[in-house]
Structures are given as structure tokens and as C-alpha cells.
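Work through the exercises below with the structure open beside you, and try each task before you read its solution.

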Amino acid sequence: MDIESEVSSCKCPECSKVSEVNNVSTYYRDIEDIPYNFESIWLHVHAHKYLCTNEICDKKYFDEVLPFARKNKVKTDNFIQFILTLAIFLSSTATSLILSLLGASVSADVVDKIISNIVIKDDADIEEIGVDDVAIRKGQKYVTAIYDLKEHHLITLLEGRDAKTFEDWLKEHPKIRTVARDRASAYATAINNVIPNCVQVADRFHLFQNLIENIKDIFYSEIPEKIFIKDGRITGKPVAKVTKELANIDSKVLETLNYDNSIPIDKDGNEIVYDNKLRNFDSKQYIEQKQRRIEKKQMVIKLRELSKNNPSYTLKELATEFKISVTSLRKYLRMSAEEVNDIDKIRLYNKGKTKMDDYSNIVNKMLNDNISQEYIFAYVKLKGCEKHQIDILLITLI
């Protein structure tokens with residue numbers, strides 16, 4: 001990508017005198033930016049070289065300062081920040097691998113070099129700071145992080161999170177007038193001892209935390225501990241708590257019941273599958289999902305035909321053409337014709353297997369025969385279902 005500077009003047013880095021555009025020559029810089037669509041992005045910058053007009057300045061020529069890349073750097077500031085963001089959570093080798101998958105060639109050594117260039121610079125004249133404790137190893141090692149409230153960058157890390165260490169640091173920074181801190185009493189004590197006239201404010205995170213806790217208290221005082229719902233309406237009592245009514249069960253009637261947990265069969269010999277999931281296939285959500293499945297099927301068919309008719313296409317070129325990853329492309333190319341044909345068909349996923357499955361068909365059969373909840377409860381209890389399981393079972397199936 002070719003770009004050209006539109007700046008018409010620039011300050012000399014030595015004497016700060018402004019040089020105009022008529023005193024310049026030009027030069028080119030190749031600078032790598034954040035990769036896009038799995039392709040590396042290079043900026044071919046046509047920049048200016050200025051002649052300092054200050055006769056007594058030792059700096060005769062100087063290069064234009066680019067707002068997006070520092071001097072002598074071959075990567076933009078945004079790209080370096082992107083690499084550091086990955087390196088915070090990954091090793092240098094893993095960061096290099098992720099970047100190569102995204103389309104950028106950055107070695108682990110380069111990642112290490114970028115990390116080593118990070119400098120935490122303290123400022124004795126700082127006036128507004130934020131302070132908080134940070135876990136280096138959760139539950140075992142903590143440090144005190146101090147950052148500049150105006151510039152939003154880290155100033156220093158102090159060993160531990162006790163008041164004494166923070167006090168010693170505050171004594172060397174007498175100009176501090178504002179501190180944003182958490183609710184730890186140790187930091188408050190240190191501030192009061194060293195700079196008692198300092199304004200102490202709560203940071204944004206703890207303000208939100210206080211707000212959420214107060215909202216929870218309001219809800220807990222207004223909303224009951226348990227809410228019972230039946231047929232889409234809130235009821236005042238549990239819908240499946242029928243243990244108190246078991247006294248009305250006729251044991252002779254109970255003895256006549258005979259149900260097992262086998263899959264029910266209809267009169268034509270087909271299995272009956274009970275589905276307790278509520279699905280509205282005419283809803284906006286399902287209609288949009290159906291359209292996306294159709295579009296995906298059309299895309300897969302098209303890319304398979306293109307790959308078949310144009311063997312010279314590489315996987316990367318095909319992936320770029322259809323704006324998908326190479327991994328997804330391989331999956332689509334390996335699909336059978338039957339799998340491709342089923343792409344636009346809806347998939348009805350079932351819930352995971354639980355202990356309730358040992359009794360679900362029994363309950364469904366009894367509900368289908370209009371057996372009351374009381375007798376269902378008593379019958380599955382005889383079959384070995386535990387009380388808390390029965391309550392859940394009836395709530396989920398009724």
C-alpha cells in the first residue's frame with residue numbers, strides 16, 4: 001500500500017525550529033502494519049527529509065516524524081501494540097505462531113526484543129496517580145501497581161501490598177495531589193500518614209462493584225428466594241412438590257401400574273421421541289438461521305466447484321476468495337456429497353444425559369396416559385428415583 005505524507009512543515013528535533021516544505025527532499029520507508037484477512041500489510045511511505053534552517057543547529061538534516069511509526073522502526077505502533085497484547089497472554093513462540101497464522105512473519109526473537117524494550121519510567125513530579133494491588137501469582141505473590149492517571153501508563157511496581165512500602169514511595173513523590181485507589185485500608189493509611197491533604201477517590205471498577213452490590217441488596221429484599229413457574233406463569237408454590245399428597249394414594253391402584261423406561265413404540269412400530277424443548281420454527285430467530293444455512297450451503301458448493309475446476313488455486317487463495325479460514329476450507333473440501341446436502345437442514349440437539357434419563361420415558365408414558373402427578377411421583381419413587389430427582393423430573397417434563 002503506497003501512502004504519501006501531506007505535512008508541509010516539521011520541527012527540528014534538536015532546536016525545535018520549524019522547517020518548511022520547500023526545504024525538503026524525499027525518502028521511502030517500508031513499514032509493516034497489522035495483517036488483514038490473513039495477509040501481511042506493508043505501507044510504502046513516501047516521507048520528507050527536512051533541512052534545518054537554524055544555522056547554529058548541529059542537526060543539518062532530519063527525517064519527518066510519522067504519527068503512526070517511530071523512527072527506525074519497521075512496524076507501526078499499532079502492530080507493535082498488537083504483538084504485545086498477544087505476548088501478555090502467550091509465550092513468545094506461541095505469539096509468533098499465532099501471528100504467522102494471521103499472515104504476519106514475526107519470529108519469537110523479535111517478540112522477545114519488543115518485550116525487552118518496554119521501560120517503566122517513574123516520575124518524581126507526578127501529581128495524579130492510581131494505585132491497586134496486582135497478583136503476580138494468585139494467592140501467593142502480590143505487588144502494588146502505580147500508574148499515571150493522566151497518561152494512563154504504568155509508573156512503577158512495588159514489592160508487596162503493605163502500607164510501609166507504599167509510604168516510602170510516596171515520600172519521594174511530594175507533589176501528588178490526587179490518588180485513585182481501591183478500598184484497601186493499607187493504602188488509605190499510607191496516604192493519610194504521608195500526604196494527608198491529598199484527595200482520595202474510588203476507582204471506576206470499585207464504584208461499579210459498590211453499585212452492583214447495592215442493586216443486589218435491593219433485589220434480594222424485593223424478590224423472594226424461590227420463584228416457581230408453571231405454564232409460563234409465576235405461582236406461589238412449587239408445581240412438583242406433591243409429597244404431602246401421597247397419603248391419598250391408593251396402593252391397590254399403584255400396584256396395577258406397569259411402566260418401564262424403554263423407548264415407546266406407536267401402533268406402526270415406530271419409536272416415539274418425546275421432546276420437551278420449546279421451538280418456534282416460525283420465529284425470527286429460526287428464519288434467520290435457516291437463511292444463513294442456505295447461504296452457507298451455496299457458498300460451500302461454489303468453493304468446491306471452483307477448487308475442482310481450477311486446480312491451480314492454492315488453499316490460501318481460495319480461503320481469501322471466500323473470506324474463510326484455511327482450516328474451514330479444508331473441512332468443506334473434505335465433506336461428502338451427503339454432508340454438503342445436509343448443511344441447510346436444521347439440527348435438533350438433545351440435552352446431555354443425566355440420572356433423570358433412567359425415568360424420563362416412564363414419566364412421559366404415564367403423562368400420555370393421563371396419570372396424575374401424585375401417582376407418577378409414587379410410582380417412580382418405587383422404581384428407585386430419589387426425592388430431589390423426582391421434583392426436578394416433574395418440573396422439566398410437565
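**Exercise 1.** Decide whether phenylalanine 219 is buried, partly exposed or exposed, and then find the helix in which it lies.

Solution. In this predicted model, phenylalanine 219 has a relative accessibility of 47%. Buried means under 20% and exposed means over 50%, with partly exposed in between, so phenylalanine 219 counts as partly exposed. As a next step, locate phenylalanine 219 in helix α6, which covers residues 204-222. Finally, look at the surface, where Phe219 belongs to a nonpolar patch that also includes Phe208, Leu211 and Tyr220, and whose members together have about 810 Å² of accessible area.

**Exercise 2.** Classify the ring pair of tyrosine 50 and phenylalanine 62, and then do likewise for phenylalanine 166 and tyrosine 187.

Solution. The count of aromatic pairs comes to 4. For tyrosine 50 and phenylalanine 62, the ring centres lie 5.6 Å apart and the planes meet at 10°, so this pair is stacked. Tyrosine 50 belongs to strand β5 and phenylalanine 62 to strand β6, 12 residues apart, and both are buried. For phenylalanine 166 and tyrosine 187, the centres are 5.5 Å apart but the planes stand at 75°, so this pair is edge-to-face. This second pair links helix α4, which holds phenylalanine 166, to helix α5, which holds tyrosine 187, and ring pairs join Phe166, Trp169 and Tyr187 into a cluster.

**Exercise 3.** How do strands β8 and β9 run, and how many bridges join them?

Solution. Strands β8 (residues 141-148) and β9 (residues 154-159) run antiparallel and are joined by 5 bridges. Isoleucine 146 can then be found opposite threonine 156 in β9, while in the hairpin, with 5 residues between the strands, histidine 152 takes a positive phi near 60°.

Conventions: Residues are numbered from 1 along each chain as its sequence is written. This is a predicted model: local features need pLDDT of at least 70, side-chain atom pairs count only at pLDDT 80 or more; totals for chains, interfaces and linings use all residues. Side-chain values use heavy atoms; hydrogens and water are left out. Patches are made of residues with over 30% relative accessible area and no salt bridge: like charges are joined within 9 Å, nonpolar side chains (Val, Leu, Ile, Met, Phe, Trp, Tyr) within 5 Å. Accessible areas come from the Shrake-Rupley method with a 1.4 Å probe; for residues, only the protein chains shown count as cover. A salt bridge is a side-chain nitrogen of Lys or Arg within 4 Å of a carboxyl oxygen of Asp or Glu. Helices (H or I, at least four residues) and strands (E, at least two) are DSSP runs, numbered from the N terminus. Buried means under 20% relative accessible area, exposed over 50%, partly exposed in between (1.4 Å probe, protein chains only). Two strands pair if DSSP finds at least two bridges between them. Rings of Phe, Tyr and Trp (its six-membered ring) pair if their centres lie within 6.5 Å; planes under 30 degrees apart count as stacked, over 60 as edge-to-face and the rest as tilted.
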